Amino acid sequence: MTPDKPTLSDDDLTRFARHIVLKEIGGAGQARLRAARIVVIGAGGIGSPALQYLVAAGVGRIDIIDDDSIDLSNLQRQTLFGVDDIGTGKVAAAAAALARIDPAVTVERRALRIDAGNARRVLEGAKVVLDGTDNFATRLAVADAALALRIPLVSAAVSQFEGQLSVYRGWEADRPCYRCFVGSDPDRDGATCADVGVLGAMAGVMGSLAALEVIRSIVPFGEDSAGKLLLADGLSLRFRTIALPKDPGCSCSCPVP
């Protein structure tokens, strides 16, 4: 299989039959998934379910970026791991778990911390980037690199009983970038789930939705999500979507229509 002329094996046709019968995906769309390379930043509460569904969907190559090791407290929401994985690096344990789902998917283990100095090098060549980290400076570094490289960015976050999700393609004149939404202060305070808590199932919901948006970015279907923010409230079981405007004064100097 080559990126320009991907093909599906007989096993693929059986494995992905439920995708292939969807007219919005079909065989051509499934082949595009098999040919795609994506980067997932963080194998935690959002990354774990997202990775499971992306491998199950047949994405051809997934680079996992995470320099952390598994702790007992992670198991409440990080569904890729079990008690036998405690103390193991997350990328190694994730790769082993994902190989059990589909060994044909190439999983690149990148046990490193992404920052402004290495983000472009790490993301270059990806079809889509999924950021599920809980560090604001890391999110800005990833968003800036994705924007510069013109790679769609799927950004998901969860805290307590709430989650948010958006897709950014800020190089387009009618779409905002991540900084249009959050501003530019990398040192602003941000509470982590260790500080305020998080419902494990809520992380699963947002991770699954993030996987859906990665798939949509590779095989467009339905309504484009870029430029919108999905807000999920687990206490009331309500979901709402708001439009994100492009900021004319954004420090990224995104093109303005």
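1. Rings of Phe, Tyr and Trp (its six-membered ring) are taken to pair if their centres lie within 6.5 Å, with planes under 30 degrees apart counted as stacked, over 60 as edge-to-face and the rest as tilted. By this rule there is one aromatic pair. The rings of Tyr-168 and Tyr-178 have centres 5.5 Å apart and planes at 90°, so the pair is edge-to-face.

2. This is a predicted model, in which local features need pLDDT of at least 70 and side-chain atom pairs count only at pLDDT 80 or more, while totals for chains, interfaces and linings use all residues. Residues are numbered from 1 along each chain as its sequence is written, and side-chain values use heavy atoms, leaving out hydrogens and water.

3. Tyr-168 belongs to strand 6 (residues 162-168) and Tyr-178 to helix 8 (residues 178-182), so the pair ties together parts that are 10 residues apart in sequence; helices (H or I, at least four residues) and strands (E, at least two) are DSSP runs, numbered from the N terminus. Both Tyr-168 and Tyr-178 are buried, that is, under 20% relative accessible area with a 1.4 Å probe, protein chains only.

4. The buried residues of helix 5 (residues 90-101) include Val-91, Ala-94 and Leu-98. The buried residues of this helix pack against helix 4 (47-56), strand 2 (61-65) and strand 3 (106-110), where contact means heavy atoms within 4.5 Å. Ile-64 touches Val-91, Ala-94 and Leu-98, among others.

Key
Buried < 20%, exposed > 50% of the residue type's maximum accessible area, 1.4 Å probe, protein only. Expected span 1.5 Å × (residues − 1). Lists of a residue's contacts leave out its neighbours within four places in sequence.
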